[in-house]
Amino acid sequence: MFRSLKIYKDQNIDLNYLLQTFVEFGYHRQSCVQEEGDFTKRGGTIDIYPTTFDCPIRIEFYYNNIRSIDSYNILTGKIIWKHSMVIILPRIKVHPSRHSVLFEEMPLHNFIDLKRGDYVVHIKHGIGRYLGIEKVEVKNKEKDHLVIEYANNDKLYVPIDKAHLVQKYISFEGRSPKLYRLGSGEWERIKERTRKGLLKVALDLLEMQAKRQSLSGFRFSKDCDWQREFEDTFEFNETSDQVEVTKKVKADMESSKPMDRLICGDVGYGKTEVAMRACFKATMDNKQVAFLVPTTILAEQHYQNFLKRLKDFPINVAMVSRFRTKAEQRKIIEELQDGKIDIIIGTHRLLSDDVKFKNLGLIIIDEEQKFGVTAKEKLKRIRLLVDVLTLTATPIPRTLYMSLMGAKDISVINTPPQNRIPIETHVDIFSRDLIKKAIEREVLRKGQVFFIHNRIEDIEKIKDSVKALSPSSVRINFAHGQMPAKLLEKIMLSFLNGDLDVLVSTNIIESGIDVPNANTIIINNSDNFGLSDLHQLRGRVGRFNRRAYAFFLTPKKKPINQDARKRLQAIEEYSELGAGFKIAMEDLEIRGAGNLLGVEQHGYIMALGFDLYCRLIRQVIAQLKTKSR
């Protein structure tokens, strides 16, 4: 029997019963919550860090009535986001039976954040509209039920203890789903058709897994003295999550099974440092490393960072991108094939047919979803041969999906760096006075400013306008991706080295670029950006222990559509450290899930919603694995 505890806002529940249930579920009462599995009570407040949650939750009571349920930052205690209902699982891992219904009942998400009028999916009855919570008399006792409206105004009353069977419907933007008829059998027919369609996806993934399992990978050696010396050159204190994830990566590398691990973490949480340590470890066994990144700018920054960190070690690092001439690239590729280069950093150019390695042992992929279909097919073949480490700052829903596939080992870095301060976020109408004050304030404290304008046609004109608003001593330039490579490289290095105060740029700086002294970013026409793009851009600042500012500007006279308004509302609301998880889910709701999984899966997601789609594919994978044993 599937066991869980559902708690929801305005619920009447005995505090002692709740605390006793936590103990039965394997949680430990402490003086304060410090790690997963802890809970504490202070007056009318209960804090608990449930299994599989990204951060702890705080439950506020008024007598025996739940007034609020909030996720909060474990370091600062600040609220990250609010919830209407949460599902708490026992700490002992739940073992699904072979019965398909139980697979479907196993929840994917810990939160059921529903508002009256939301479309929802009940796994046994299909898509309906949520009408709220009502008390229904059952066996002479009133109990709370979720009320869902179906076609022909039929109502379904779902007891709270069955709330895990209901999830918010998420599919494609701008298209409302049809409501199903209760008892028609249509819902079961569609689920069965989807299961058959998912078989191909599942079989492809399992075939790749089987091939990897059958191959014996290279077993890297234990850490040497140089490894510890290299890690000591890291100028910050590692977070507990960084330490834990690094251990797992090293254990993967030291085993005979080829590594395929995915590291998730919000922007600026230290994924790159884990990757650099893996790179160094590989070179200690005379293996070559390929570090694949989505943009030329990021390739340049990683290259400069590696040169700085490896200056005292006999390790050769090179980079291929359009910042290198054809002659330079040709020479680098020859040296790579001869084994003279240990670590190669580059864009998709690294996946070209003329790039060959003498002894490749590890490939790092930064934000794989940003690469095209051809690149992904090439990476699929490479995965069979070497250890692979993938980094992403978008942990949900892509990583959720991949974890359900069982196709990767996943590690999450949830802990923000020490002394990191949340970025002060403002959404405002375009104002010259605001821009002037923001730049003056940053320059006065010897900092640098990003000004994002994502139109090449008039970016130089915008640079002149920003220059006119800035103090006369301010050094300013502009950059975009269609510039001659050498000029773009020169400008970016000037900004990275602190020789520019303000950089007016397109969104080429979105992925990964790290300038600790840049702590103000102004995004012009922010209504034209996707939510994850806005979050990534905001992550370019706030890398230092001083207050950072992000200004999202909208045009004065242009009306903003509903989706853009939702995105801007979300980016302003979720500015607390660790809010990237919530932003990724908001982005999914606004943008739709279809482009995550390929064209052939669109219809299934539309018919079932993303949550049930994932539950079913988990079921198909598990059943295929059981049959293959």
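Which residue lies over the face of Y72, and at what distance from the ring centre? R58 does, at 4.1 Å. The legends below start from that view. The model is predicted, so local features need pLDDT of at least 70 and side-chain atom pairs count only at pLDDT 80 or more, while totals for chains, interfaces and linings use all residues. Residues are numbered from 1 along each chain as its sequence is written, and side-chain values use heavy atoms, with hydrogens and water left out.

**View 1. Charges over tyrosine rings.** R58 lies over the face of Y72, and the charged end of K178 sits over the ring of Y180, 5.2 Å from its centre. A charge counts as sitting over a ring if NZ of Lys or CZ of Arg is within 6 Å of the ring centre and within 35 degrees of the ring normal.

**View 2. Aromatic pairs, with Y180 back in the picture.** The whole structure holds 13 aromatic pairs. F22 and Y27 make an edge-to-face pair, with 6.4 Å from centre to centre and 65 degrees between the planes. Y180 and W187 are also edge-to-face, at 5.0 Å and 75 degrees. Rings of Phe, Tyr and Trp (its six-membered ring) pair if their centres lie within 6.5 Å; planes under 30 degrees apart count as stacked, over 60 as edge-to-face and the rest as tilted. F22 is buried at 0% relative accessibility, and Y27 is buried at 2%. Y180 is buried at 3%, and W187 is buried at 3%. Here buried means under 20% relative accessible area, exposed over 50%, and partly exposed in between (1.4 Å probe, protein chains only).

**View 3. A ring cluster.** Ring pairs link W226, F230, F280 and F313 into a cluster.

View 4. Helices (H or I, at least four residues) and strands (E, at least two) are DSSP runs, numbered from the N terminus; two strands pair if DSSP finds at least two bridges between them. Contact means heavy atoms within 4.5 Å, and axes are lines fitted to C-alpha atoms, for helices over the stretch in contact, with angles from 0 to 180 degrees between N-to-C directions.

View 5. Another open sheet has the order 12-11-10-9-13, with antiparallel pairing. At its edges stand strand 12 (155-159) and strand 13 (166-168), each with a single partner strand, so one side of each is left without a neighbour in the sheet. Neighbouring strands of this sheet are turned by 45 degrees against each other on average, direction ignored. Strand 11 and strand 12 pair over five bridges, and E149 stands opposite K155 in strand 12.

**View 6. Two loop residues with positive phi.** Most residues other than glycine have a negative phi. Y63, in the loop between strand 5 (57-62) and strand 6 (65-72), has a positive phi of about 55 degrees. Y63 is exposed, with a relative accessible area of 69%. N140, in the loop between strand 10 (126-138) and strand 11 (141-149), has a positive phi near 65 degrees. N140 is exposed at 74% relative accessibility.
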